[in-house]
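Trainee: I have a new model open. Could you show me how to read it?

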Amino acid sequence: MIRVELKAPPSLRRQLGIIVGLTVALATFGGALYTLDRQVPLGSLWPAALGWVSRPSPVEVSTESPASPLPPEGTQPQGSTAELPARTDAARRVLALVDHLPVGVRVTTLTADVEGGFVIEGILAEGVSLATVVDLLKVYASDARGTSWSSAAAEGGSRACRLVGNVIAVLDSPMAPISATQLAELTTLTNERAVTHGLRGVQMEEVIAEPAAGGVDLHNFDLRATGSMASLRRFVLAIEELGAGIRIAHLAASRSSSGDADNQVTLSFDAVVREPLQGGNR
Amino acid sequence: MFRSSPTRCTGIHVAANGIYAVELSRRKQSVSLSRCAAVPVAASLSLPDALADHDGRASLVQALRLLHGDGFDVERPYFALSGAGVFIKRRFVLARDKGMTREQLLWEAEQLLAEDIDDYVVDTLATRHHGFFIAARRQILDLYGVLCREAGMGRPGFDMSSFALCNALESCGVGGEGIEIVLQEDGEIMRAVLLRDGEYEGESVWSQQEKGPATGLGLLCNAELDQGEVAHRLWVVGSGDAGGAVDLGEFADEVGDLNPFVGLTVSEMAKETLASSDVPARAYVVAAGLAFRGLADA
């Protein structure tokens, strides 16, 4: 009997995530205790606490219906989190596809959407079969189709091609609603990270806001830049590290005729904001 | 009096046109068929995409709950993996000890999957002639976990569809001689698995829109068999009739349906199910292979 083991042990990334999460929780708890101890020496509370435990106070039975305390102003839940857009790693997964293409495929443009849909256009070198490329993509994508044709842009025996499909993107937890101030910080951080990771000529477009389900606003802004595919890949990873407040809604990269360092890239970002943007477009 | 309770396992094959489930039970060394069922689903399902799609998963959950309600053992159901995101790759291996062969195959998997290696669960299989590495996208396994949770089932176990076919053939005791081919029809998809002396050797998967069974089988035989070699037996499995619609006699000395329940004690309930529906026994082969595998693991 063939008995291969296809169990899903927790990945290294998840284990690391759990360790980091526990460390952060421990550090936060320790920090809170330290702050409290600075304000009220905890040691002095022990005798009083022991006294409360040894002398239980009489219990008054109330006949009124229990009323839950009101949350502080501005912290009321804004609709169900199930209605919020989900975080996604679609852009990163589509970019990773390019690495799996055979050497004879030259990518000229690539687009990725929030649900994992991709379109790759390029040139197939002579002797590279479209069917082989599509079969290879199917290993990494849930769906891949392609067409190829003779084109003026393709020299000799090479052919232009268009590959379309879907990667299985992880649509995990809902995005975290953020404040307008946090959005401003995030756009600045996004800009900074683009530059840090090697993109040049970074331009941020105006933020556009529209009401979304759950009583929140969906904000969208674009970033245009020039850079290599490696820089773009690093930047996309860095955006995922910015947390649940932001996601890449759309990505487009177009190869420059002057080389890989000058690819034109456009990224569109989503953020969910729980209060109206001061001075934003509505 | 003091009779121990039997070990039970359910294999669930989510096919394009419905769900096929087989529950086998084992008491001492005797395996019997306790239950089997074919549950149609509303729309044609394409896995694994349907698992990530809300409507697709909802219809699967509904069908699985029916099985649960019918008394199938769902403590650890086994599912078959196929399609996008899971694959078997064959590699040439040097004659070395098991540990080194496994190490080589895992290295081969790393070369193919590169930085995505962490997104996959990988295992290896070494036969007398070949080495294989098997990879399944972690996310797909997680989605099956979600499906089972929503359907009130226990944690799922997995096997590749083609290995389930091999295990069914071996466990029902009819195969194991010379070259054999198992031809499975699963909706639009056809799969042919080639075995040599009972060992998995290779497979081919194609869409019926692209080519018919004879063309697909011809390509597989050209690629895998030496000049003059002919399969000893060709087993046809699946609910469709693609295998019967064409003459497959040129590919094997014998052609026949594979009944996975041959040699098993069949409960009255299963007998009734088989007699009252027009679903042939060969439609349950993958599910039976999964259940046999589950019993071996239990």
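Mentor: We will take confidence, then the interface, then some strands.

Trainee: What pLDDT does chain B average?

Mentor: General idea first. Where pLDDT is low, the predicted coordinates should not be read in detail. This is a predicted model. Chain B averages a pLDDT of 89. In chain B, 97% of the residues score at least 70. For the complex, the predictor gives an ipTM of 0.87 and a pTM of 0.57.

Trainee: Now the interface. How many residues of chain B are in contact with chain A?

Mentor: The size of an interface is often given as the accessible area lost when the parts come together. Here we count residues instead. On chain B, 31 residues contact 21 residues of chain A. Several elements of chain B each supply at least two residues to that side, among them β6 (120-126), α4 (138-150) and α9 (285-297). The largest share, five residues, comes from α5(B).

Trainee: Which classes of residue make up the side of chain B that touches chain A?

Mentor: That side of chain B has 17 nonpolar, ten charged and four polar residues.

Trainee: Next, the strands. Which strands of chain A pair with β10(A)?

Mentor: In a regular strand the side chains alternate between the two faces of the sheet. Now the pairing. β2 (residues 105-113) of chain A and β10 (residues 246-256) of chain A run antiparallel, over five bridges. β10(A) also pairs with β11 (residues 259-273) of chain A, antiparallel over nine bridges. β10(A) and β11(A) form a hairpin, with two residues between them.

Trainee: Which residues stand opposite A:Leu251?

Mentor: A:Ala112 stands opposite A:Leu251 in β10(A). A:Leu251 also stands opposite A:Leu267 in β11(A).

Methods:
Residues are numbered from 1 along each chain as its sequence is written. Chains are lettered from A and ligands numbered from 1 in the order in which they are written. This is a predicted model: local features need pLDDT of at least 70, side-chain atom pairs count only at pLDDT 80 or more; totals for chains, interfaces and linings use all residues. Two residues are in contact if their C-beta atoms, placed from the backbone, lie within 7 Å. Helices (H or I, at least four residues) and strands (E, at least two) are DSSP runs, numbered from the N terminus. Ala, Val, Leu, Ile, Met, Phe, Trp, Tyr, Cys and Pro count as nonpolar, Asp, Glu, Lys and Arg as charged, and the others, Gly among them, as polar. Two strands pair if DSSP finds at least two bridges between them. pLDDT is the predictor's confidence in each residue, from 0 to 100.
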